[in-house]
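Come and look through it with me, one entry at a time.

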Amino acid sequence: MSWQARIEQALADRRNSDSFRTRQINDRGNGRFLTSGGRQHLNFSGNDYLGLSQHPEIIRAWQTGAEKYGVGSGGSGHVTGFSTAHHLLEQELADWLGYPRALLFISGFAANQAVITALAQKQDRILADKLSHASLLEAAMFSPAQLRRFIHNDAQSLSGLLRLSVEGLQLVVTEGVFSMDGDRAPLKEIESATREAKGWLMVDDAHGVGVLGDQGRGSCDQQRVKPDLLVITFGKAFGVSGAAVLCSENTADYLLQFARHLIYSTAMPPAQATALSAALNVVRKGDEMRSRLRENIARFREGAARLPLALIDSQTAIQPLIVGENARTLELAAGMRERGFWLTAIRPPTVPNGSARLRVTLTASHTSRDIDTLLEALYDETGG
Ligand SMILES: *Cc1c(COP(=O)(O)O)cnc(C)c1O
């Protein structure tokens, strides 16, 4: 088979199963509205949970940072790319979350890959929740360690696997809030099971940080657990981009020696670090935004209970409506777009087969009227 034939075959398979993916061009996006093709839609599919991507203070901080430092970092943090702005942000994050150290990464994907591949060795075992993000599962699969997946959010299933004999060390991996379902992990039970087996716990809180917990400190703060490695990302509630790993002094020094995504990659622009410090300030003082978001979630769930689509038991900003078939999900998303609502159809392999869904996401910048009009349109579109 030639390269061309292989690619054609893969594309044909995707098209035949209604799982072909394309990108939509936005003229202006995120926050409450998304404009595409000159038409404004109410946006219910972003991860900008607090609406911070459009926040004037954060925009100004990025501009000020660019004027002070220029637009690029000029190199890896190990060479010339680590500025005062990066250093300050790392310290602020460590203080805020109660860890000795924080290390910045250009993305959550890179952070997860870096941590897992730097830590896991041949005799080790990684135990990951079955529904963990692709960046976690893929890193574990590519690492020399053995990967075992435990039943979603099931500490019992995890305990069973932790008791199997292992020559090396065990690393347990889960998320605070699951990206496609919106449900929360039982972190307390997962932490106890992990400690009992003398393993280490890594929590990816991409969708919890900024949204849950005191001052938006996230899922771990909310559930009073302290993972050995906490990954937070800045592309969601922080409204920007990038990520950080929170850990001990020694772990940070170890990652600086062995995490290839840090060593062989250009550091984030210093101006972005400046913007992130401003975003952190807004997040910490964001109780009002978080309570508005909670009100929006409650309002949506109350109304959505009357739809002929299954709602997942989620109390977070991620409120998926399970449709099932890919074709039907695409049709609903297209119908809603016609009505002026931007909702994304999420299909396998991102989610399990037969569970294609409209992944509705709510933000603090939506008004109660926005939620009501969304629900009315969904009733009409689904014949509910
Ligand atoms: C979005 C996401 C990531 C990736 O983060 P990026 O900064 O977008 O690369 C990692 N883990 C989870 C759970 C996510 O939802």
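Does Cys 247 count as buried or exposed? I looked up its relative accessibility and found 0%, so Cys 247 counts as buried. I keep in mind that this is a predicted model.

Entry on cysteines. I searched for disulfides and found zero in the structure. Cys 220 is in no disulfide, and its nearest cysteine sulfur, that of Cys 247, is 14 Å away. Cys 247 is likewise in no disulfide, with the sulfur of Cys 220 as its nearest, 14 Å away. A pair has to lie within 2.5 Å to count as a disulfide. I also checked Cys 220 for burial: its relative accessibility is 5%, so Cys 220 counts as buried.

Entry on an arginine. I found Arg 337 in helix 13, which covers residues 326-338. Arg 337 is buried but has no salt bridge. The nearest side chain of opposite charge belongs to Glu 338, 8.4 Å away. Which residues does Arg 337 touch, leaving aside neighbours within four places in sequence? I noted contacts with Gln 24, Arg 39, His 41, Trp 342 and Leu 343.

Entry on the whole protein. I noted 14 helices and 14 strands. The C-alpha trace spans about 55 × 55 × 50 Å along its principal axes. A compact globule of 384 residues would have a radius of gyration near 21 Å, and the protein agrees, with 21 Å. Buried residues make up 54% of the 384. Among contacts with a separation of 6 or more, 68% join residues 24 or more positions apart.

Conventions. Residues numbered from 1 in each chain as written. Predicted model: local features only at pLDDT ≥ 70, side-chain atom pairs only at ≥ 80, totals over all residues. Heavy atoms only, no water. Buried < 20%, exposed > 50% of the residue type's maximum accessible area, 1.4 Å probe, protein only. Helix = DSSP H or I, 4+ residues; strand = E, 2+ residues; numbered from the N terminus. Lys, Arg positive; Asp, Glu negative; His and termini not counted. Salt bridge = Lys/Arg side-chain N within 4 Å of Asp/Glu carboxyl O. Contact = heavy atoms within 4.5 Å. Rg over C-alpha atoms; globule rule 2.2 N^0.38 Å.
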